[in-house]
Each structure stands twice: as structure tokens, then as C-alpha cells.
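Trainee: Before we look at any particular feature, could you show me how to read a model like this one, starting from its contacts?

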Amino acid sequence: MKATLNTVDARHPAARQDAAPAIRTISLTFEQGEQVAVIGASGSGKTTLLHAIACALKPSAGTLTLANQNPWAVSGRALQAIRGQLFLAPQTPPLPPRQRVVTSVLAGRLPHQSLWASLRSLFYPSGITEAETALAHFDVADKLFERVDRLSGGERQRVGLARALASDASLYLVDEPLSALDPTRAQLAISSLTTAAKERGATLVCTLHQVDTALASFPRVIGLRDGLVAFDVPSAEVTRDMLHALYANKLNELNGPAPAPETIEQPSQPAVMHCR
Ligand SMILES: Nc1ncnc2c1ncn2[C@@H]1O[C@H](COP(=O)(O)OP(=O)(O)O)[C@@H](O)[C@H]1O
Ligand SMILES: [Mg+2]
């Protein structure tokens, strides 16, 4: 899917209506099948940008165009149809705690299924092999029937990515997919994502904390600083000076604290439901 932003302003998804926009005058085009990394210090607006493209928040100014339509100027049904073609993978995937991994992964397909097939899959998960294959791409297939609240943070993040892979979206918006992964699994995750998007001809926009990975794995890199596009260039053209200017007061983030190693294999306490 092609996505275009024309002088878009948008507030952070959690911000109040009167808050200043977190991204400002953003004009960008993502061609169908393109793979783009978005980098920038924390607070620069990466998450807000992804949410704006995903129609998860309405721009406070400017125009978003997805597949030649302005999603905020069409009927609710048409907006639903557009949303059904895109997949936003948040940094912390919203997985229901008591659900089995298999069900969570297959839920990624829901927008593309009939209502009946969706309801049925809650009770009789179909496509178990498909879910297992998606999980194997992130080295977490052994958790197929595990409960989501028994997973470590890194495992949960990988299940969230498998869920993206199981969906049949034509635009993937992936927010910091590697934040809880060790370097080997991070490499596996990013190559699984880019390969799958390429095979499907889908557009992939991925925010990344790891600048080296962004430059090595994506042909185009956008640098965001204080809500503005600082640069938008082929990754081969990104220089050390550009990166230093981008991270200016947060140079420690440029060199990056190592992601937390994925050693937490302790199951978390099952969620306790309090009923009234
Ligand atoms: N929970 C929040 N409530 C209100 N505003 C927020 C919140 N979190 C971030 N913001 C504002 O949105 C800006 C952009 O945040 P965000 O899109 O999360 O950036 P990034 O993903 O690059 O860290 C921040 O600089 C801050 O001004
Ligand atoms: Mg963010």
C-alpha cells in the first residue's frame, strides 16, 4: 500500500487535545513495497508518526493518503476497510494475558477473515501450522500453546511480530521491534520481517533504536528530530555527522545501551481477576 503524508501535524496518542503536536509539518511518501527505517532519539516522534500512518490517531493538521484515499474523509466502513489492510505492531504488543500464543498469533489474521471464521477460530484455532511457521521465524515456535502471561518480555515481543507476519497486511508499521531482543534474535527478527514484506510486496515502515541495524537492513532511512524530518535519504548516504546532529543532546542513545538480554525465563505470575 502506498502512504503519503502532506504537512501532517499530530499529537502523541496519549496526549491531551490541547497538547502541542509531537510531529509537525511531516511530508513523506512511502511507495508500495518500500522498506523504510525511522530513527531518532526517544521523544522525537517515531511512535506518533507510526500511529498517524496507521489511522490510529487523526492528524491535527495536514492530510494522510492511504491507497489514494484520505481515511479521515471516507465513511466509517471505508475507514475500517483501509485499517484492515494495515498492521500496526506496537512496541509492547497488546496480547490478552490469559490467551494461548497460538490464538494470539492467529488473531493477526482477523481483519482478513469473515466474522464467522473469526468467531470460530476463538474456539477451534485453525491454521495452527501457519501460526507455528510464523513463530518459527522468530525462534519462539516452542511456545505455541503457552499462555501469553507466562512469556518473558522478549518472547512476548517475538509473538507480537509473529502475529504481524500471520496477518495479510499490505502496509506494516512496526514500532521498535528489537527493544527486548538479544543481538542474534534481533538480527533474525529483522531479516524475517524484511523478507516477508518483500515476498508479499508489502510496504514496511519500522522505527528502530539500533542505528546500525537500520542502516544495514533498510535501503531508506528517515531521521526524526523534535517532531520534524531531519533527513530522508538512502541509507548509504547517512554520514556520522548526520547521526551526531540527529541525536545531538542524546549521543548516548546513538551508541545505544545494549538491549536487555533475554534471560527472563521466569514465568510471570498469572493475572488475578477480581470480579464484583
Ligand atoms: N504519554 C504521553 N502523553 C503526552 N505526550 C507524550 C506522551 N509520551 C510522549 N509524548 C510527547 O510526544 C512526543 C513524541 O513521543 P513519541 O512519539 O513517543 O516519540 P518516540 O517514539 O520517538 O520516543 C514526546 O516528545 C512528548 O512530547
Ligand atoms: Mg516510541
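Mentor: Two residues are in contact if their C-beta atoms, placed from the backbone, lie within 7 Å. In this predicted model, residues 24 or more positions apart account for 71% of the contacts with a separation of 6 or more. The protein holds 10 helices and 9 strands, and buried residues make up 39% of its 276 residues.

Trainee: Which residues of the largest nonpolar core touch the most other members?

Mentor: A nonpolar core joins buried residues of nonpolar kinds through their C-beta atoms. Here the largest one has 66 residues, and those touching the most other members are Ala 37, Ile 53, Val 105, Ala 162, Tyr 172, Leu 173 and Val 205. Helix α6, residues 153-166, gives the most to this core, with 6 residues, and the core draws at least three residues from each of domain 1 (3-85 + 169-255) and domain 2 (96-167). Leaving aside neighbours within four places in sequence, Leu 173 is in contact with residues including Leu 50, Ile 53, Phe 87 and Val 205.

Trainee: Why does Ile 190 count as buried?

Mentor: A residue is buried if 20 or more other C-beta atoms lie within 10 Å of its own; Ile 190 counts as buried because it has 24 such neighbours. Ile 190 is found in helix α7, residues 183-200, and, beyond four places in sequence, is in contact with Leu 178, Thr 213 and Ser 217.

Trainee: How do the residues of the shell around ligand 1 divide?

Mentor: The shell divides into 4 nonpolar, 8 polar and 1 charged; of the 13 residues around ligand 1, His 12, Ala 22, Gly 43, Thr 47 and Thr 48 come nearest.

Key
Residues are numbered from 1 along each chain as its sequence is written. Chains are lettered from A and ligands numbered from 1 in the order in which they are written. This is a predicted model: local features need pLDDT of at least 70, side-chain atom pairs count only at pLDDT 80 or more; totals for chains, interfaces and linings use all residues. Helices (H or I, at least four residues) and strands (E, at least two) are DSSP runs, numbered from the N terminus. A residue is buried if 20 or more other C-beta atoms lie within 10 Å of its own, exposed if 12 or fewer, and partly exposed in between; C-beta atoms are placed from the backbone. A nonpolar core is a set of buried Ala, Val, Leu, Ile, Met, Phe, Trp, Tyr and Cys residues joined through C-beta atoms within 7 Å. Domain bounds come from an automatic or database domain assignment. A residue is near a molecule or strand if its C-beta atom, placed from the backbone, lies within 6 Å of it. Ala, Val, Leu, Ile, Met, Phe, Trp, Tyr, Cys and Pro count as nonpolar, Asp, Glu, Lys and Arg as charged, and the others, Gly among them, as polar.
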